[in-house]
Amino acid sequence: MLIAFAILSLTIVVAVQGFAQGLRLLKLSGDHQRAILIADQKVREIVVPKEGRDEGTDGAFTWERVVKEIPAPELTPSGQVPKWHVYEIGVQVGWGEGKRTVGVTTLRTVSEAEQNRQEQGIRRRP
């Protein structure tokens with residue numbers, strides 16, 4: 001009888017630890033999913049990119065966005081003004097005590113005409 005109780009108590013302890021680990025992993029995956037959604041949102045906020053760096057917070061999450069122009073000589077005929085610009089948009093989102101981070105990086109191609117239209121629209125607004 002004593003051996004049966006020892007085996008039963010050991011089994012219960014192992015089961016409780018397994019459930020606790022499952023709950024920790026569930027929270028971690030939820031936080032990771034939220035961080036990816038924030039990063040995706042911050043990338044999509046950029047309509048017409050221009051070089052720069054932004055940062056901010058969203059609840060318990062901190063984010064940093066860096067936009068930089070990537071040289072693309074194959075899009076520019078020799079001796080002409082470039083008609084296309086390529087931008088790299090990278091977002092890093094961090095959270096938690098151990099500062100876990102995830103990142104999303106994408107490339108965006110913008111025509112010279114679209115960039116000029118957007119800049120003129122911004123200047124005309126009061």
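Is E45 buried, partly exposed or exposed? In this predicted model, local features need pLDDT of at least 70 and side-chain atom pairs count only at pLDDT 80 or more, while totals for chains, interfaces and linings use all residues. Residues are numbered from 1 along each chain as its sequence is written, and side-chain values use heavy atoms, with hydrogens and water left out.

E45 is partly exposed, with a relative accessible area of 38%, where buried means under 20%, exposed over 50% and partly exposed in between (1.4 Å probe, protein chains only). The structure holds nine salt bridges, a salt bridge being a side-chain nitrogen of Lys or Arg within 4 Å of a carboxyl oxygen of Asp or Glu. One of them joins E45 to K42, with the closest N and O atoms 3.2 Å apart, and K42 counts as buried at 10% relative accessibility.

A further salt bridge is formed by R65 and D54, whose closest N and O atoms are 2.7 Å apart. Because R65 lies in strand 2 (residues 61–70) and D54 in strand 1 (residues 52–58), the pair ties together parts that are eleven residues apart in sequence; strands are DSSP runs (E, at least two residues), numbered from the N terminus. R65 is buried, at 6% relative accessibility, whereas D54 is partly exposed, at 35%. K42, E45, D54 and R65 are linked in a network of salt bridges.

E55, which counts as exposed at 53% relative accessibility, forms a salt bridge with R53, the closest N and O atoms lying 2.8 Å apart.

How values were computed: Helices (H or I, at least four residues) and strands (E, at least two) are DSSP runs, numbered from the N terminus.
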